[in-house]
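Hello,

I am passing a structure on to you. Please look through it first; my notes follow below.

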Amino acid sequence: MFQTSTPVMGDGFQNRITDLDDLARSIQRLESGEPQWMAILGPRKIGKTSLVLEAARRVKTLSLRVVALDVQEQGPVSLEFFRRFALRIVDAAFGSELGESLERFARQPAAYRKILQKVGSFDSLPKALRLELIEIVEGDVSPDRIAGWLDLPEELAVALDLRFVIALDEFQELNELQKHGFNSFMLLRAKWQKHRRVAYFISGSARSMLLTLVNSQKSPFFQHFHIHDLLPFAHSDAVDLLRRLSPLEHSIPVEVAELAVKTLSGHPFYLQLLGEQLTQVPGSPDIPALKDALQKLLFSRTGRLSLFFENEFQRLVGRSTLLAATLDSLAEGPITLTAVSNAIHAKSGATVNYLERLQDAVVKSEGGFYSLADSVFALWLRWRRPGGTIVPMSVVGDEAEIAVARALSDMGFDLIYQSKASRGAFDLLGTRGSTQLGIQVKRSPLPLRFPRHEWKRMEAEGARFKWLWVVAAVTLEGIITILDPAKARVKKEAVLRQEAEIANLPQWLDSRRQVFE
Ligand SMILES: Nc1ncnc2c1ncn2[C@@H]1O[C@H](COP(=O)(O)OP(=O)(O)O)[C@@H](O)[C@H]1O
Ligand SMILES: [Mg+2]
């Protein structure tokens, strides 16, 4: 089954053999009391949390406890983050003994205390530690209290003979606490260094910030972390993900999976979203079903991947139209600084500044070319441009479809793949103002012949949705003839000859619209 709302583990977890090995080695070092810290670098949703959780799950010792926490989980970071941290540690330490999660009782000290005191092993803890645990949910958060909480994992591990793996995602965001006069990193380093039973894994999507944090001589973490880059899946692993996770009744054929990966790259989250979309339709998905799924997921305002990118876009550019223009200029692929400057009408100094503000979304090649790090995001940006509705056809369409889409786009149409979920009769749907036009694309020379049932379906669908519709014939040389179905000769089969040609489509539409209304 496909899964997109939580990190994946167990059967749902795919690939990542060498990554798992790397993490396993780090975790095993806990046995000898020499834990290794690890920084996992990778963009949003590439699978950082899943990797940590799965690596820990595969270490089959009962005494290992895992705590995974996202610094940004509850909006902008505040000192309260550390209270949440402390509660998660206590949760993990007592685990199943508790029966329920303590975090929910953060605002109900009496209920919290009651649950804690019911736990058998709680009584065995030293008195000072017991008191500290009980007081977590009370009072304000102060730097002194934070210092105490940071030692909780080691203290609990010693008292209960446990080991901890603690994973903090979007770790670089703790830097924001500087604004409140709190330097988290110095304190964390000082505490963590003394811990023998806890391995710390940090991760984040702000690659360069995180790298500075672990590589800069000025940073308290200088040379303390083993760096691990988490990349998208290789092509064949990505194809495997789609095929393995699709349920039997919706099994994804290899050519569909190949085309999907070509379009969506090896990013596991994007592929899982696509898998979910594909399995909404009965049966095993074919290429038209893939086109339809991509249209719904990525090339529509409300698609889940489209909304994901919309959010990314807002995060990167905010209200700056110049930043938006810079991003847009990069969507076409590798481009020089001068070309970016020209595109956004800015001086090169200012352009460099804009490119820097886009941070890790932008990559610079050795030859000095700039492009977007995420090719799927680039695709989405191109689709959003005026006239961009032909982008889907240009990536997954056949040559005939692409030619027809271009021609119609030049006439001012926006195009979408027609839904195959409802077993649509047409290939494309064009809209221009209030006009909707169904388009059947045929890659063959004139005359065109249609079996009667196929013809009837198009007629019925046109009537049902009140769409005008045409047939577009495309020759091998790419010459397009648009044909009027009203001029077909329908007997045993429907035949469209040269005389059915619509020479001027906009004019034809205007005259037909009057008939309709
Ligand atoms: N190894 C994997 N196998 C299958 N799907 C994965 C894998 N890693 C990530 N995913 C997909 O990506 C989504 C996000 O994973 P997550 O670990 O939460 O990413 P991150 O922590 O990097 O933001 C998961 O819900 C799942 O759909
Ligand atoms: Mg995560």
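The crossing of helices α11 and α13 is right-handed, meaning that the near helix is turned clockwise from the far one by less than a right angle. Helices are DSSP runs of H or I with at least four residues, numbered from the N terminus. Helix α11 covers residues 254–264 and α13 residues 287–297; they pack at an angle of about 30°, with axes 10 Å apart. Axes are lines fitted to C-alpha atoms over the stretch in contact, and angles run from 0 to 180 degrees between N-to-C directions. The pair therefore counts as roughly parallel, the term for angles under 35 degrees.

From α11, Val-256, Leu-259, Ala-260 and Thr-263 make the contact, and from α13, Ile-287, Leu-290 and Leu-294 (C-beta atoms, placed from the backbone, within 7 Å).

This is a predicted model, in which local features need pLDDT of at least 70 and side-chain atom pairs count only at pLDDT 80 or more, while totals for chains, interfaces and linings use all residues. Residues are numbered from 1 along each chain as its sequence is written, and chains are lettered from A and ligands numbered from 1 in the order in which they are written.

The chain is divided into domain 1 (10–229), domain 2 (235–297), domain 3 (305–384) and domain 4 (397–516), with bounds from an automatic or database domain assignment. Ligand 1 lies between domains 1 and 2, because both give residues to its shell. That shell has 22 residues, the closest being Gly-47, Lys-48, Thr-49, Ser-50 and Phe-269 (C-beta atom, placed from the backbone, within 6 Å). Helices α2 (48–58) and α12 (268–278) each give two or more residues to the shell.

Regards

Conventions. Parallel < 35°, antiparallel > 145°, perpendicular 65-115°, else oblique. Contact = placed C-beta atoms within 7 Å.
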